[in-house]
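Thank you all for coming. Please look at the sequence and the structure while I talk through a few of the features.

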Amino acid sequence: MLELKHISYAVREGDGELGILNDISLTIEDHRLVVFTGPNGGGKTTLAKIIMGLVTPTEGQILWNGQDITHLGITERARLGISYGFQQPPRFKGLTVRRLLTLASGDETLSKDRCCQYLTKVGLCANDYLDREVDVSLSGGEVKRIEIASILARNSQLMIFDEPEAGIDLWSFARLTETFQQIHTAGTATMIIISHQERIISLADEVIVVGDGAIRHRGSAQEILPQILADTLGGCPVLTKEAKAQ
Amino acid sequence: MMDNEIDRELLEKIADMLGKPVGAFNIRKDCGCDGRQSTEHIQILDRDDGKAGINIRIADGTVNETCHIPVIITKSGVEETVYNDFFIGENCDVEIVAGCGIHNCGEQTSRHDGVHVFHVGKHSRVHYSEKHYGEGDGKGGRIMNPQTIVYLDEGASIQMDTTQIRGVDSTKRYTKIVCGKDAEAVITERLLTHGDQVAESDMEIDLDGEGARGRVISRSVAQDSSNQVFYPRMVGNAACFGHVQCDSIIMGDAKIKSIPAITANCTEAQLIHEAAIGKIAGDQLLKLETLGLTEEEAEDCILKGFLA
């Protein structure tokens with residue numbers, strides 16, 4: 001179980017401070033699929049990074065399976081079963097896809113068959129990719145799918161995905177949503193997915209709308225989706241005017 | 001031959017040798033010959049011009065054969081210049097494994113300057129690998145200055161893999177390859193310097209024949225206060241294709257200068273160069289940390305991959 005207690009995060013701006021996250025408290029039970037959604041710049045990625053240890057909160061406490069991990073580093077959290085799929089994954093000259101998956105799995109004897117399974121789940125063929133370097137020769141979508149495959153290989157208790165759909169074509173996206181659904185159905189991991197996609201949101205046990213550094217709404221996909229659509233329309237004066245004119 | 005632990009370790013490091021190699025070989029140790037074997041198709045002979053070194057003659061049509069010619073220096077104060085000439089016939093496909101290892105526990109400098117000249121016959125393929133490595137806790141310097149000059153006849157090719165692993169205090173490397181019609185040269189250079197080491201790599205690829213191709217892939221890591229200079233030059237004198245790519249990771253107080261140059265003396269020459277120097281990106285370290293590696297493990301993993 002993941003518990004966030006009164007999490008705040010602020011950065012210095014001039015002589016003062018700019019609040020990015022303000023007093024967020026949240027509990028996520030085991031094996032749930034939770035989607036963070038909301039407007040750009042609302043604080044979703046910062047919140048996810050705080051869970052992984054990529055960002056240190058200015059206030060608050062994080063408990064993972066009852067253990068206070070607030071002051072633990074990224075490596076220690078990873079070893080406790082937390083993983084994170086980056087929105088814009090880095091590229092590595094010389095590091096092959098196979099080596100990355102091997103490192104992710106923590107098993108130096110990871111077989112080609114296992115690698116193949118992880119890559120198939122993100123719509124890639126192992127024969128074409130295993131020996132390729134994760135460098136600039138790969139497209140943004142390919143690197144993104146390899147990033148997600150690395151999280152699948154990690155097979156950790158808590159998987160965080162930051163906009164996994166970004167840069168991925170429609171066919172691979174369909175395969176990806178199936179994979180999320182399979183993990184969820186198997187009940188082996190808790191998933192936090194930052195997403196704006198209706199298909200991913202509709203998979204969620206719970207949708208959390210993060211905006212202006214706070215939790216705006218929480219509820220099931222059925223409850224939250226209509227609100228998101230209403231907010232989107234309501235938030236734009238031009239669209240609202242056009243809608244009324246019709 | 002290979003009669004002590006130091007010899008065995010050096011030979012394994014520089015030539016992946018775990019015993020007497022299969023095929024032709026010549027092991028040079030402390031200015032002398034420590035073992036030699038010719039085969040039916042690969043003859044290794046002493047030079048007849050009074051210079052130190054050997055001549056290697058490979059018969060036409062020799063395929064799938066190897067020739068190991070490692071050099072080890074295990075004493076302090078050994079300084080030598082060695083000339084090895086390779087005469088490779090036509091339609092061959094051979095692997096040549098060179099390399100130099102210096103174990104210096106004394107106060108005096110040990111230096112090996114190896115001058116290799118290859119004459120590669122028509123339509124022959126050569127895979128040439130060379131590793132340099134230094135060790136020993138003495139204050140004496142470990143210096144290696146290799147020169148490799150290759151002449152590729154029509155349709156011939158060489159893949160040249162050079163690696164400086166660790167422990168070489170100073171190196172000044174000179175490589176020149178002249179490509180004839182439809183000849184191809186692929187050079188991959190891997191270099192790691194640390195401490196106060198200095199390394200200079202001067203390279204010239206002349207694409208003289210129509211359809212000649214040249215490719216240089218240089219990757220280096222400079223740690224601590226070490227200093228590296230790269231000067232790869234590709235000259236297109238005919239309808240040819242050449243690509244020079246230099247990538248370096250800089251760490252600590254190191255300094256790297258990379259000066260790739262391309263020269264076209266023919267309107268049909270297509271030449272490209274790329275050069276990049278930078279430190280290990282923070283997001284690379286963070287990504288590997290999220291996979292459970294410590295920062296040190298992540299750095300090591302990135303460097304190993306980069307230099308692989």
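Helices (H or I, at least four residues) and strands (E, at least two) are DSSP runs, numbered from the N terminus. This is a predicted model, in which local features need pLDDT of at least 70 and side-chain atom pairs count only at pLDDT 80 or more, while totals for chains, interfaces and linings use all residues. Residues are numbered from 1 along each chain as its sequence is written, and chains are lettered from A and ligands numbered from 1 in the order in which they are written.

Let me begin with chain B, which has three helices and 23 strands. Its C-alpha trace spans about 55 × 55 × 35 Å along the principal axes.

Now to chain A, where four strands form an open antiparallel sheet in the order 2-1-4-5, and where two strands pair if DSSP finds at least two bridges between them. The edge strands of chain A are strand 2 (16-28) and strand 5 (67-68), each of which pairs on one side only. Strand 1 (residues 2-13) of chain A pairs with strand 2 of chain A over nine bridges, in the antiparallel sense, and Val11(A) stands opposite Leu18(A) in strand 2 of chain A.
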